[in-house]
Each structure stands twice: as C-alpha cells, then as structure tokens.
Amino acid sequence: MHKRKLIEVALPLEAINRESAREKSIRHGHPSTLHLWWARRPLAAARAVLFAQLVDDPSAHPEEFPTEDLQRKERERLHSLIERLIVWENVRDERLLREVRSEIRKSVGDVMPTVLDPFAGGGTIPLEAKRLGVRAMANDLNPLPVLINTVLLDLVDRFAVSSSLAGGVPGTPAEVLSEDLRAYAARLEAKVLARLGHLYPSKAGGGVPLVYFWARTAGCPNPACGVEVPLVGSWTASGRKGSEAHFAPVLNGYDNAFDVRVVMGSDGEPEGTMKRTAATCPACETSIPLTYVKAEGMAGRLGSRLLAMQVRQGRARTFVPADGDDRAAAASAPRVDTSFLEAELSTHSQYMAPPRYGMTRFKDLFSPRQLATLAAFAETLDDVQEEVRRDAEAAGMPDDGISYADGGTGASAYGDALRILLALGVGRLVNRQSTLCIWHANRGTVEQVFARQAYSMTWLYAEANPFAGATGSFTGQIDYLAKAIAAIPHGSGLVIEGPAQGISPPPNVVVSTDPPYYDNVPYADLSDFFLVWHRRMLGKTLPIFPTMLSPKSEELVADHVRWGSRAAAKSRFEHGFEQVFEALGKSHDPAVPMTVYYAFRQSDVEGDGTASTGWETVLEALMKAGWAIDGTWPMRTEQAGGLRVLGRNSLASSVVVVCRRRDETFGTTDRRGFISALEAELPGALRRLQQGQIAPVDMPQAAIGPGMAVFTRYAAVLEPDGSKMNVRSALARINEVLDQVLAEQEGDFDAPSRFAIAWYRQHGYGAGSFGNADSLARARNTAVDAMDREGLLTSRAGKVQLIKPEDLNSEYDPAADAHTSNWEALHHLIKVLERDGIAPAGDFLLEALSRPDGAVDADLVKELAHLLFRIAEGNGWTKDALSFNTLVTSWPEILEVARAERTAPGSAQGAFDFDEDE
C-alpha cells in the first residue's frame, strides 16, 4: 500500500486559483514572454500540483500524526507553505525554495525524482519541476516547444559565465545571458537599420512613424463607380478617454481611391465599410457581398493602401494621414528570397480565415516591407553570431570548436546560444510584423497575430515600425525576452523531440503532463507560422527542424478535418492517448501518483450535464491504459466569483486528474453495488473537500475525483442489461449521489436551519403560503412564529418569506441574540462581507462563534453555504449563488481575521476551537 500524497487528500485550491488568475496579468520576467505558445498552464498551478504530488499527506504518517486533528493541522502547515510558494514575487526566493526542497526530500528521500512531461508544450511543468529542485524531462513532437524547452531547461544552465561579454556586468549565468542578449540584439538592430532604415523615413520636422495603418481594398463592383474601396471594420484611431480620435475617408481626385483625414474626438465617426456579410462602398453606397470580396481575393485582386500613421514628435504622439512619399517608401522594399515561405497554409475552416481570401501561402501574410525587414534580421544573425564567438574567445572562453548542438560549452557554442536567443527575439517580432496584426485603439498597441488561437482575417491592419522602440518594435520584443531569460531558475533538465506515443521513459519517473485537449487547439497548424522562420534562422544550429513544417500525422489532436470524420478523429485520439499512458504506466514510480491536466469547458456539457465528449474520452483512455482516477482538482485561471462566470455556469479552465495504477485484484460489480460504494464513500470525501478551500462552483468537478476513484477500482461496472457502464453513465451516477449526500447533510443542522433549507429549495427568497410553512416547520420541530420573532423570516398576511442578507437588521449582535441558528449566522455574515469586507466579516464570525451556547459551528456555516450554492445554481438564482460562492472563497481570510482577533492581547482565549494548540 503506497503512502497517500497531499494531492490525493486536499489542496488550498482557492489560493492556487487566485494566484493563477493574478499571474495572467504578469508579463515582465514571466517565462511565457520567451515565445508565444498556446494554452499554457499557469506556473503557480503547476508549482503547487508538483509539490503536492511529491509530498506525503499527514495521514500517511500515523506514527507522527495519530489523530485527525493533528493531521489537519499538519495539512494546514503544508498548505500554508504552498500558499507562499505560488506567489509570483516569491519565485526567486532561495530561502523559501530550500524549505520546499527539504519538504520534498522528507517524502521522496535524498535522491530527487525525475519529472517527465511527455507533452511539454510551452514548458510550464518542466520549468516548475526544475525550480523545485527535481530533474525535469520535456518531450514534444513539435519543434517550436522543443526550442522553447531547450532554452528553459538547458541553454541557461550550459554556460558558467559570471559577467557579460559586452559590458562586464556580473550576475548569475541567466542574468549574464540576458545582458549579452540585449547587447548583441542592439548590434543586430543597428546592422539591419543601416541596410533598411530608408524604408521607414521620418516625417518633416523629425517626426518618427511608430505605426502604419493599412486598409485592404477591393474594386467597387458598380461599373459607374469603380473606386478602390477601403475595407475597414472601424475607423477608430484612439479610444482612450480624453484622447479620442478617428479617421474619416476622403475620396481623392488623383487615383480613384480613398485617403483619410484625422478627426479628434469621437463625434461624427463614420461607420466602418466592412460588416460581417458585406461591405459598403463609401462613394456610391453599393453593397458589396462578402462572397464578392472572397472571389476578388482568390483571384489576387484584393489590394492594400496605406492610410495613416501614428507619429512621435518629441514626447507627443499624433495621428497623421499618409502621403505619396510614405507610400513610395513602403513600396521601395527590395525583393527578397521567400522560398522558405512558399509552403501552403492549412485550409481548416475553423481556424484558417486568410486562405478564403486568397492568402494561401505563408509569404502572403506579410507585406513586402515586412518581408524585407524580417529577412534582413534573419540573414544578419550570421554576422552577429561570429561577433559573439570572437568576443567570447577574447574574454577568455576557450573555443574548442564544438557546437551547442554537440554539447559544447566554449566560445563557438556560446555564439550558437546567443543566436538561438536572438532568433527567439526575431520570432517574437514576426508575431508583430504581419498583415494579420490589428490596432488596439483603447490600449494604443499593435496586437500580435495570435490574439486568439486562430489565423484571423484583418481588414484595417497595423504595421509597427520595428526600429522605433515603441509598440511592436524589435527593442520591445527583446526587452520582454531578456527579462524572461534573467528569471530562469538554475537546475537540471533534458529535452526530447518525438511523439509521446513513442517515448521510452527511464524507470521510476514521475509524470505530470498537460496533453492536447481533444480538438481544442490545432497546435501544429498554428505553430507553422513561426516554424518557417525559425527553421530559416536555426536549421543549421539545432537539429530539431527535420521537416519544412511541423509534423502532423502523429499529433495527438482529435481534428475531424484532418482525419475525415468526428468518429475517426475520436478513435485516433483515444487510441493514441491510451497508447501513451499505457507506456507511461510501465515506467512510472508507483510511490507517486500521476497528474494529467485537461481543459474542461462547461460549454461542452451535454445531456445530463455531467461530461463532454473530450472529457469522457480522456477518462476512458486513462482507464483502458490501466489507471485508476484518484482525484480531480478544478483549476481556474480567470478571476472567480463574477456574475458573468456563475451566470454561464462556467467551471474550471482545466481539471487536474490524479491517477494511480489500477489494482488488478478488483473484479466486477453491478450498478447497485457501484452506487452503494458511492453512498458509503462520497459523504466523507465531500466533507473533506468542504473543509478544504474548494469553492462551491468547483465542488461538482472536485467530487468527480472520489467518485471516479470508486468507479475505476473495478474491472467493470455492469448495467442492468449486462452491458459495461461507460464514463458518461458513471459521471451521471456520481452527480446523483452528490446531490443525495448534500441533501443528507441537512440533518446536521439545527431545526430552524433545516426548515430554511427546505423552504429555500422550494421558494428561494420568494413568498409561500403560511399553511405549507407551518407544516414544514412542525415536521422539523420548530415554529414559523418563533422564526419570525428571531428574524429568520417574515410571516405576514398568510405569506411566509425568508429574509435576504441585504434586508437583515444592520445592528444585529449575535452575542445578544437568545437563539442564533447557523442559517442566521451565514446570512448575516454574507451581509457584513458584501457591505464592509473581509475584516468586519472576521470580527462578526468571532462574535458568533464566541456564544456560550456554541450554537454556531464554523464548519457547518461553510457546509451550509456549499449546500445553498448547489440549490441556487440548480434553480438559476445567479445572484444568490454568487453570494454563497464568494463567502466560501473568502473563508480562509475571514477565518484568519477571526483567529488574529482571538489571539490578540486582551481577547478571551479558549472561547472556541480553531484547531490550534492551546
């Protein structure tokens, strides 16, 4: 019997979710700014999951923690350590990291394990394994994540440099690499600027163009008109409050096309010419169907016209119309070799809009000026790389002639390393130098190509000046990249390239992985946008680009377009998934569970509201591969608790599935036996989840874990007709028993609370008849009149109605109330929290729990909030659900305030138990 790990029992989930959401707003120094990759998991979540996956739960050591109270206290200590560990500002706190690594060694021994992610993607999990002091292995089929993980896990640790070549600035190897990157990036930019600076001329008076605004154009189909129509969705130039500005089209008299004038303010802004299904000619008002625009594009007749620019004059930024000189400069770009961009784009209708308008090859996604500039950056890498090598040798780094790819650590390898980093910087620039980039008028920024996970069609597109040091510039991209490099932790890592289906891991690895999400993201098709450029820049430096585009046939994505039908795609995905996890099971360390992330989208839920096709397929494949589900933890990366979120019944951004190898000694059972086992085990598991930091909105997902633990322990669960129960049916049964267990918890509450729960289930905070209320109250050994006097409800004119939190008496004192129920405590607590905040709510909780009669129980108040959330959500009472959910998510902070008040000098000690040693 293996020791249970912390992740198999409890997590400080709300704290993890909160930090994961906050992390999305952190950019500078974050590894995600190394290079774009899609569907990254938050570092905070991965760090917490890995720690809890490796560290024993206190219940695994009864010799140290013989009672549940002692186990709970130790668990809280470990949770507190996780809460410190996941804070972004602490990622470089070596003292904290030493404490964390020591805690891991207490559970795994002196030899730290190897953590493997067979679907490494953007490298979140391997990087966090490295940060925690364990050896990291990253595998991926796609060359782009292989490149990213090479930098994260190997490149920074390869060179024992203590001061930068360019300025002699001392620091860690990561910081030195960062400084050298900045220095040689400046040299690279200067060389390209010397070649192509004339393509981006300054305006009269020294104004520097920052952004160029282009409109795609089509000839008006009206024979009597025939003007060049600008296809523009919106004419807004600036949406910033107080600085509003827009463009207004003006038909010129010299080439039958439109120029613009700049108008300050938003008044009188014309409608865009381009709508979802048609465009409108601003000259003759002829409607131009989208089918015509597409046909013109396929015939190569869509054009583009430079309309305006954002210019920096001193410290001011203004919008100015483009003139003939500006257009001539853009048109003077030299022709360059684009043979490496001749590959055809995918025509996947769901993700690929440009091919429908004639943009069928990668070279079609860039203007001539962009092509010339990007090609110049790529070509000039040779010169800068040689400068790095010479400078390194002159600084005392021996040149053994061994390349980076062959394991070198000398001057030649250092030149390769800087070339790799500079290529990443150019890759970031490619993402801001395409005709698919748009202008964000409210932020005043040029947005990247992949603002969403698709190649989107653009009409008014923004071209950044790469040499201006502003939005979309090379300097800006290098700044992000350099800060990310400087923050990479030191450690040990290995990167492997290949399909996960063919991986041969070493024995006793620990797997934590974020696999492709069924049909969610076409990683290969999207990454080709960058790979064509990286292969051009790094094809001779790293042996990771064997083909022109990314491998497709072995990519584990249920793409119905690629495989011909949804059934074929599902079958291929499930078979591949099963193949991967069956192989991993043969090498996985049996002492540690495996963790698998899955993106659970509530919008996918069907039928009985328990599962989606992708979710079911993943669980089925894991089971077929010999794994038993031990837990499911919802990880939310969006700020939780908003009405919009609850109103859409949105749950987790992803679910972490905790698995162990199935014990093959279990046989079969029938549906009745499965339900009986659920009824026996789910109440205790649910109580533990409620006592932990699980938001009510996440409870159904979290409860799947213990439910599936029951289901997957059997070789088969048989339906009444003898057929084998599938995952969808099992999830439906788990959901039913969850409702049943929550209902049974009502018996734990005092009589007035039991009445209020039953009445709320029927009426919410609406009115019902006195007769029904009286019968319900008598059955629960209480009386309507008594509850009216106590302020739990109102009884007037034959109608009974529960009092909403906001309508409760603001002067209520729980210590002075002769009879306080858990229902009243909960509702007054909600009122105080929503009106006054965390600290007053903590003070109120302290007063309620300090009553001499002990009528209010903290755990029961929290359980009641869970129960009422479930009722409110099921009835669509969104505002109520939000209140209950917010209370539970705020519970740790409320409890902390109450604890602090209790232990403050002069306070009454021992009035109630907070599970602290007296």
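# Cavities, a buried histidine and selected loops

In this predicted model, His35 is in contact with Arg40, Leu144, Ile148, Leu424, Gly427, Arg428, Phe530 and His534, leaving aside neighbours within four places in sequence.

User: Which side chain makes a polar contact with the side chain of His35, and at what distance?

Analyst: His35 is placed in the loop between α1 (13-23) and α2 (43-54). Among its contacts are Phe530 and His534. The polar contact between side chains is made with His534, at 3.0 Å.

User: Is His35 buried or exposed?

Analyst: The cut-off for a buried residue is a relative accessible area under 20%. His35 has a relative accessibility of 0%, so the class is buried.

User: How many cavities of 30 Å³ or more does the structure hold, and how much space lies in the largest cavity?

Analyst: The structure holds 4 cavities of 30 Å³ or more. For the largest cavity, the space comes to about 350 Å³.

User: Which residues are the closest to the centre of the largest cavity?

Analyst: The lining of the largest cavity consists of 31 residues. Two helices, α5 (124-131) and α13 (523-538), each supply at least two residues of this lining. Closest to the centre are Trp37, Phe119, Gly121, Asp140 and Pro516.

User: How do the residues of the lining of the largest cavity divide into nonpolar, polar and charged?

Analyst: Gly counts as polar in this scheme, and Trp, Phe and Pro as nonpolar. The lining of the largest cavity divides into 16 nonpolar, 8 polar and 7 charged residues.

User: Which helix gives the most to the lining of the second largest cavity?

Analyst: The second largest cavity holds about 50 Å³ of space. Its lining is made up of Gln690, Pro696, Met699, Leu738, Leu742, His866, Phe869 and Arg870. Both α20 (727-744) and α26 (858-875) supply at least two of the lining residues. The helix that gives the most, with 3 residues, is α26.

User: How many nonpolar, polar and charged residues does the lining of the second largest cavity have?

Analyst: Residues of this lining include Leu738, Leu742 and Arg870. Leu counts as nonpolar and Arg as charged. By class, the lining has 5 nonpolar, 2 polar and 1 charged residues.

User: How far apart are the end C-alpha atoms of helix α24, and what span should its residues give?

Analyst: Helix α24 covers residues 822-836, which is 15 residues. The expected span is 1.5 Å times one less than the number of residues, so α24 should span 21 Å.

User: Why is α24 described as largely enclosed by the rest of the structure, and how many of its residues are buried?

Analyst: The buried residues of α24 are Asn822, Trp823, Glu824, Ala825, Leu826, His827, His828, Leu829, Ile830, Lys831, Val832 and Leu833. The helix is largely enclosed because the buried residues number 12 of the 15.

User: Which residue follows α24, and what is its phi?

Analyst: Next comes Gly837, with a positive phi near 105°.

User: In which loop is Ala818 found, and which residues does Ala818 touch?

Analyst: Ala818 is found in the loop between β24 (799-802) and α24. At 55% relative accessibility, Ala818 counts as exposed. Its C-alpha atom is separated by 8.4 Å from that of Glu790, 28 residues apart along the chain. Not counting residues up to four places away in sequence, Ala818 touches Arg851 and Asp853.

User: What joins the side chains of Ser234 and Thr236?

Analyst: Ser234 lies in the loop between β4 (228-231) and β5 (236-238), and counts as partly exposed at 35% relative accessibility. Setting aside residues up to four places away in sequence, Ser234 touches Glu269, Gly272 and Leu460. With Thr236, the side chains are joined by a polar contact of 3.1 Å.

User: What is the phi of Glu285?

Analyst: Glu285 lies in the loop between β8 (278-280) and β9 (287-289). Its relative accessibility of 66% makes Glu285 exposed. Phi is positive in this residue other than glycine, near 65°.

User: What is the relative accessible area of Ala797?

Analyst: Ala797 is found in the loop between β23 (793-796) and β24. Phi of Ala797 is also positive, near 50°. The cut-off for an exposed residue is over 50%, so Ala797 is exposed, with a relative accessible area of 84%.

Terms used:
Residues numbered from 1 in each chain as written. Predicted model: local features only at pLDDT ≥ 70, side-chain atom pairs only at ≥ 80, totals over all residues. Heavy atoms only, no water. 1 Å grid on protein atoms, 1.4 Å probe; cavity = no way out; pocket = protein on both sides within 12 Å on 5 of 7 lines; lining within 4 Å. Points joined across faces, edges and corners; volume = space filled by probe spheres on them. Helix = DSSP H or I, 4+ residues; strand = E, 2+ residues; numbered from the N terminus. Buried < 20%, exposed > 50% of the residue type's maximum accessible area, 1.4 Å probe, protein only. Contact = heavy atoms within 4.5 Å. Polar contact = N/O pair within 3.5 Å; in protein donor to acceptor, adjacent residues only side chain to side chain.
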